[in-house]
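Dear colleague,

Please find below the structure that I am handing over to you. My notes on it follow directly after it.

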Amino acid sequence: MIRVLIADDEPLMRAGIKAILGTADDIELVGEAGDGREAVQIVRERRVDVAVLDIRMPRMDGLACAKELRVVAPSVRVVMLTTFGEDENIVRALSDGAAGFLLKDSAPEELLRAVRAVNNGEAYLSPMVTSRVVGMVATSGQPKRHEAQKAVAGLTDREVEVLALLGQGMSNADVGAKLHMSEATVKTYVSRLLAKLGLTNRVQAALLARDAGITN
C-alpha cells in the first residue's frame, strides 16, 4: 500500500482528492492537513510515502513544506498541486525536491498516476506543466548551459545516455527498453546519477540534461 498525506487549505479540494484516492486499491490515505505546518507534524507522527501538497496554503505553504520534509523525512515523495501560470513556483519547488506536479484541473486518473510514479522513484509532470518547464529551460542562457555541460562531463558514456533519456521524460521501463537494460539496472544508474550530480530527483536530472543540450 502507498501511504498518502494530502495538504490543502480548501476542505472541498481535500474531499475531492480523498475521493479520488479512495478509488485505488493500492493507496491508503493516512492523513489530511489544512496547511504545511500541520502536514509536517503528521509526517513526524506517521509513516508517509507520498505527500500531495497545494502550493498556496496559510501558515506554511507547499513550497516551504516540501523544503521542510526534505529535512525531517527525506524518503517522503512530494506531488505538488498548482494552478496555471505559476512558473516561478514550479522552479522553486523543483529545487526543493518536488517529484510530481499536477494542475488542479487535471483528470482524476492523473493524480493516481502521479502518486504511483513518484512512489516508484520516478517523476511525474502533467503535460501542461511539462511544456512550461521545457519552455523555461529553452530560454536559459549560455552560462547555465556551460555549468550543466561541465557537470555532465564527469559522467560515463552510459550515464550520459541514461541522463539524456531522462531529459526526454522517459520512465525507467522506457529507458531500459531503449538501452537494453533491466529496470532494476536503470534504477541503479538513476540513483548513481543523482548522487554524482548532487540532485534530489529525476525532474532536476531531466532539467540538467536539457540545459546541457544532450536530449536530442
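Predicted model: local features only at pLDDT ≥ 70, side-chain atom pairs only at ≥ 80, totals over all residues.

Leaving aside its neighbours within four places in sequence, which residues is Arg14 in contact with? They are Ile6, Asp8, Asp9, Glu32, Ala33 and Gly34, where contact means heavy atoms within 4.5 Å.

Residues are numbered from 1 along each chain as its sequence is written, and side-chain values use heavy atoms, with hydrogens and water left out.

Overall composition

The protein has 11 helices and 6 strands; these are DSSP runs numbered from the N terminus, with helices being H or I of at least four residues and strands being E of at least two. Of the 216 residues in the protein, 48% are buried. Buried means under 20% relative accessible area, exposed means over 50%, and partly exposed lies in between, using a 1.4 Å probe and protein chains only. Among the contacts with a separation of 6 or more, 66% are between residues 24 or more positions apart.

The annotated position

The UniProt record, an unreviewed entry, places the annotation "modified residue: 4-aspartylphosphate" on Asp54. UniProt positions are given in the numbering used here, feature names are shortened, and annotations may be inferred rather than shown by experiment. Asp54 belongs to strand β3, residues 50-54, and counts as buried because its relative accessible area is 5%. Beyond its neighbours within four places in sequence, Asp54 has contacts with Ala7, Asp8, Asp9, Asp61, Gly62, Met80, Leu81 and Lys104.

The nonpolar core

A nonpolar core is a set of buried Ala, Val, Leu, Ile, Met, Phe, Trp, Tyr and Cys residues joined through side-chain atoms within 4.5 Å. The largest one has 29 residues, and Leu53, Leu69, Met80 and Phe101 have the most contacts inside it. Elements that each supply at least two residues of this core include β1 (2-7), β2 (27-33), α3 (62-72), β4 (77-82) and α11 (202-212). Leu53 touches Ala7, Gly62, Cys65, Ala66, Leu69, Val78, Val79, Met80 and Leu81, not counting residues up to four places away in sequence.

Buried charged residues

Arg14 lies in helix α1, residues 11-21, and counts as buried because its relative accessibility is 17%.

Arg3 is part of strand β1 and is buried, with 19% relative accessibility. The side chain of Arg3 makes a polar contact with the backbone oxygen of Arg47 at 2.6 Å. A polar contact is a pair of N or O atoms within 3.5 Å; within protein, one must be able to donate a hydrogen and the other to accept it, and residues adjacent in sequence count only if both atoms are side-chain atoms.

Asp35 is in the loop between β2 and α2, and is buried at 8% relative accessibility. The side chain of Asp35 reaches the backbone nitrogen of Glu38 at 2.9 Å. Leaving aside neighbours within four places in sequence, Asp35 is in contact with Ala7, Met57, Pro58, Arg59 and Met60.

A charge over a ring

The charged end of Arg192 sits over the ring of Tyr189, at 4.9 Å from the ring centre. This term requires NZ of Lys or CZ of Arg within 6 Å of the ring centre and within 35 degrees of the ring normal.

With kind regards
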